[in-house]
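Student: I would like to learn how to read pockets and helix packing in a protein model. Could you walk me through a case?

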Amino acid sequence: MATAKATVTYDTEAGTLEILGHVSDSFAQILTPEALAFVADLAGAFRGRVTELLQRRREVQGRYDAGERPGFLSETREIRESDWTVAPLPGDLLDRRVEITGPVTRKLIINALNSGANVFMADFEDATAPSWENLVEGQVNLLDAIARTIDFTDAASGKEYKLASEVATLFVRPRGWHLWESHVLLDGKPIPGALLDFGLYLFHNAAPLLERSTGPYFYLPKLQSHTEARLWNDVFVRAEQRLSLEPGTIKATVLIETLPAAFEMDEILYELRDHSAGLNCGRWDYIFSFIKTFRADASFVLPDRGQVGMDQPFMTAYTTLVIQTCHRRGVHAMGGMAAQIPIKADPEANAAALEKVRADKLREVQNGHDGTWVAHPGLVDLARAVFDEHMPAPNQIERKRSDVKITAADLIRVPEGTRSEEGLRQNVSVGIQYLASWLGGNGCVPLYHLMEDAATAEISRTQVWQWQRYGASLADGREVSPDFVRRVLDDELGKIRGAVGEDRYTTGHFEQAGELFRTLITAEDYEEFLTLPAYALLIGQSDPENEPESDPENEPRSAS
């Protein structure tokens, strides 16, 4: 295997750090020797624990594959049953009624910060394809945004974008523990992508943020257990010590977006109690995790993606338990994403989409959520109006929801509904189009009037894999056989080719995306995350001259 030559090499106390990506003049302000030494320190201290926790994930999944069911932990009963609360929150985190999320591109950061939302979550994870350029440019953009020097001029229209006088409070979501950064090696092995994203951002921006009476705030994705939250807390403590920050300066909201984590919410808050900013309902990833957790059980085959909504009992149970757990511990319970986007060309369809958003946000605020997510600036005012009407205070943590009695059986109740050829085709089309965009460097894609990111793409490909694996029946009685899926995939690829044109089809990664999607849905061993094989394609590992060295032992694969 060919190995890319290091652009920059540093000898640090933690070991030899190599940068395999290019370092332009603008990147150099981020990739300073001091910042990289800080990242190396974190990677040296915690990389081994990341590997151990990923191995634990595989072992737990193996037990689920053998028929074990998730449940509340007996060994942590005392934590769940005792009275304790998390540390008090800073003032700018008390009212989070509307949050907007998106990738770390320059124009989007400006628009999101100016959107009128209380919080903007800059996303290095599901909404950003992790090319070297995207990752480091994202850090540059955030550095400029915090310094309030960020601007952007649209080359096509000439329109200029600048920050308003009042902007949203900034959160950053680093990558999940399962993703490794092949462009940064410590002693010849990749480091966790999460530590690169977190470390660079914190090193450069903690002091400027505190000077502006805010702080370094994070969203933590894809956690599956309280031991993974403990790892993040240990990272925070070490980082605060190294940067001479007051203990508890860093605050983090954990996304409850995996089924195993839903059984450990109290424990996750407890591990992060000095740094906690609550929990969030990452409901699209949660649906994906539900399917993935029970992938070896044919009785857990789900209906069409469009039928797995918040009215399904297992989703109602999970989100209500988030509210009860957070409010008991004195912290925010954030609602989920409205994936709809405005439909300018069709007023009737636009009105229907807005009504769905309104109903979703009304359900959340009436259930007791302290805030919600939207994917588009055009939805901020609508969501705010709903929360303003029903939540006049900054939050509703005082609503303890003592009426809630959620059991383990409630959390794993199989959703009811039907499957259709239309649903199958939508999964295939969305999966291929999203992957093509992701391989082209764009991780946040509007498709069929919804904002798709890696989470929704994961649902699409996982459902197709599951339906085919178990020969699921459609509502009309037909079986989802491998031949049927193959015909649908070829047909949808043909439709995409016809819609985008031959030139764009050839240059737009559609054929490559189609082959990857085909591999994922027909594999005997289920691939844990589609971004793992897609990352190899994204960074050019198919070209040996550009292939960063990697360590297979550090890269989680299928547990099957």
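**Pockets and packed helices**

Tutor: Gladly! Let us start with the pockets: the largest pocket holds about 920 Å³ of space. Keep in mind that this is a predicted model.

Student: Which residues are the closest to the centre of the largest pocket?

Tutor: W284, G306, Q340, K356 and L450 are the closest to its centre, out of 29 residues that line the largest pocket.

Student: Which elements each supply at least two residues of that lining?

Tutor: They are α10, β13 (333–338), α12 (347–367) and α15 (421–439). The largest share comes from α12, with eight residues.

Student: And how does the lining of the largest pocket divide by class?

Tutor: There are 14 nonpolar, seven polar and eight charged residues in the lining of the largest pocket.

Student: How much space lies in the second largest pocket?

Tutor: About 360 Å³. The second largest pocket is lined by 17 residues, and L108, A375, H376, P377 and M451 are the closest to its centre. Two elements to look for in your viewer are β3 (98–102) and α4 (106–113), which give two or more residues to this lining. Here α4 provides the largest share, four residues.

Student: Now to the helices. By what are two packed helices described?

Tutor: The general idea is to give the angle between their axes and the distance between the axes. The axes of helix α10 and helix α16 (residues 454–469) come within 8 Å and cross at roughly 25°.

Student: Why are α10 and α16 called roughly parallel?

Tutor: Angles under 35 degrees count as roughly parallel, so α10 and α16 fall into that class. Their crossing is left-handed.

Student: Which residues make the contact between α10 and α16?

Tutor: On the α10 side they are W284, D285, I287, F288, I291 and K292. On the α16 side they are A455, T456, E458, I459, R461, T462, Q463 and Q466. By class, this contact has six nonpolar, four polar and four charged residues. Notice W284 again: this residue of the α10 contact is also among those closest to the centre of the largest pocket.

Student: What angle do α15 and α19 make?

Tutor: α15 and helix α19 (residues 510–522) pack at about 125°, with their axes 8 Å apart. That angle is why α15 and α19 are oblique to each other. The crossing of α15 and α19 is right-handed.

Student: Which residues of α15 and α19 meet?

Tutor: From α15 come N427, V428, G431, I432, L435, A436 and L439, and they meet F510, Q512, A513, G514, L516 and F517 of α19. This contact has nine nonpolar and four polar residues, with no charged ones.

Student: Could we read one further pair, α5 and α6?

Tutor: Of course! Helix α5 (residues 132–147) and helix α6 (residues 193–211) pack at about 10°, with their axes 10 Å apart. α5 and α6 are therefore roughly parallel to each other. In α5, W132, L135, Q139, L142, L143 and I146 meet L196, D197, L200, Y201, H204, N205, P208 and L209 in α6. The contact of α5 with α6 divides into 10 nonpolar, three polar and one charged residues.

Terms used. Residues are numbered from 1 along each chain as its sequence is written. This is a predicted model: local features need pLDDT of at least 70, side-chain atom pairs count only at pLDDT 80 or more; totals for chains, interfaces and linings use all residues. Side-chain values use heavy atoms; hydrogens and water are left out. Axes are lines fitted to C-alpha atoms, for helices over the stretch in contact, and angles run from 0 to 180 degrees between N-to-C directions. Angles under 35 degrees count as roughly parallel, over 145 as roughly antiparallel, 65 to 115 as roughly perpendicular and the rest as oblique. A crossing is left-handed if the near helix is turned anticlockwise from the far one by less than a right angle, and right-handed if clockwise. Contact means heavy atoms within 4.5 Å. Ala, Val, Leu, Ile, Met, Phe, Trp, Tyr, Cys and Pro count as nonpolar, Asp, Glu, Lys and Arg as charged, and the others, Gly among them, as polar. On a 1 Å grid over the protein atoms alone, a cavity is a set of points where a 1.4 Å probe fits but cannot get out, and a pocket is an open set with protein on both sides within 12 Å along at least five of seven lines; lining residues have an atom within 4 Å of a point. Grid points are joined across faces, edges and corners, and a volume is the space filled by probe spheres set on the points.
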